[in-house]
Every structure is written in structure tokens, then in C-alpha cells.
Amino acid sequence: MGKHLSLLSRLVLVSCFVVGLLAGFFDGDCAWGNEGKESKVTSSGGYSHLQSKVKKKGVVKIMVKVRTADAAESLLQKRDAGDERLIISGAQEKVIREIESAGHKPVHVHTFKYIPYIAMTVDGAALDALLSSPDVISVEEDVPVPPVLD
């Protein structure tokens, strides 16, 4: 029976740790913390590229995809589409409040009405805070892309 309780207590401990990770209680200061940051950066060059931009210029322009329930607005009824825009707006505001309440000051913040993205310019600490947030799905460098006409 002692072995059984020991196994049960290990299972509870591991479960609590996993729930803590998913809830964002751990900020990723351990050795594998940067892997999570790397996986959220979708632009070419990854996290190290964004950090090098911050080191050179002090800030980097980024696009942040926030966590929402994804549903194509064209497939929603008129009332549901309005609800979807409210959900997107709420998720955007939550991420902005979260980063500002942590003492970071993003500039040139722009939210989008129909897509769950935020454009902003941030320093290295704010970038790391965004990447640690469970409400952020991905981050990419905001670079101008010229139009292509075929």
C-alpha cells in the first residue's frame, strides 16, 4: 500500500505541474523555457532574430495572434459574427492589459476588428512577457510586404 500511495502522490504532483504550465503559472526560467518562446515565434529567424533586432534598435515591430475560439466569420450568422468580433476585441484587450499591468509599455498598438491580431512595437522584456502569456498563440515580426500583381 505504501508503494500505491507513493505512486498516487507522484501522479498528483505531475498533474499539478502540468496544470500549472497550461495555466501559465510558470514563467519559463528553466532550461526549456526558451523552447516555448521559440515555438511561438513564427517569423523567419525565430526568437533569436527578434532578440537581435531588439539589441540593435531597442525595439521590434511585431504582430501578435491572441487566443480566441476560431470560427470563420463568413460561416457565422449575423448575430454570431458580432459576438465573434466582441470575443476578438476582448481577447486583444486582455493581452494589452496583461502586458501593461506587468509594467511594459508597448507603442504603436493597433488592434484589428475582424482578426485576432495586435500590431505593436515592444522592447525585449515586453516581447518575453508576450511569449510567456498563455493568451498569445504566436508572434511574428511585422515587416512590410510589397504587393505583387500577376
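View 1. At 42% relative accessibility, Lys 94 counts as partly exposed, a label for values between buried (under 20% relative accessible area) and exposed (over 50%), with a 1.4 Å probe and protein chains only. Its partner in a salt bridge is Asp 135, and the closest N and O atoms are 3.5 Å apart. Here a salt bridge is a side-chain nitrogen of Lys or Arg within 4 Å of a carboxyl oxygen of Asp or Glu. Lys 94 sits in helix α4 (residues 78-101), while Asp 135 belongs to the loop between α5 (124-132) and β4, 41 residues apart. Asp 135 counts as buried, at 17% relative accessibility.

This is a predicted model: local features need pLDDT of at least 70, side-chain atom pairs count only at pLDDT 80 or more, and totals for chains, interfaces and linings use all residues. Residues are numbered from 1 along each chain as its sequence is written, and side-chain values use heavy atoms, leaving out hydrogens and water.

**View 2. Glu 141 meets Lys 53.** The structure holds two salt bridges, and this one joins the side chains of Glu 141 and Lys 53 at 2.8 Å, N to O. Glu 141 lies in strand β4 (residues 136-141) and Lys 53 in helix α3, so the pair ties together parts 88 residues apart in sequence. Glu 141 is buried at 13%, whereas Lys 53 is partly exposed at 22%.

**View 3. A look along helix α3.** Helix α3 covers residues 46-57. Its buried residues include Tyr 47, Leu 50 and Val 54. Just after α3, Gly 58 takes a positive phi of about 90°.

Note on methods:
Helices (H or I, at least four residues) and strands (E, at least two) are DSSP runs, numbered from the N terminus. The expected span of a helix is 1.5 Å times one less than its number of residues.
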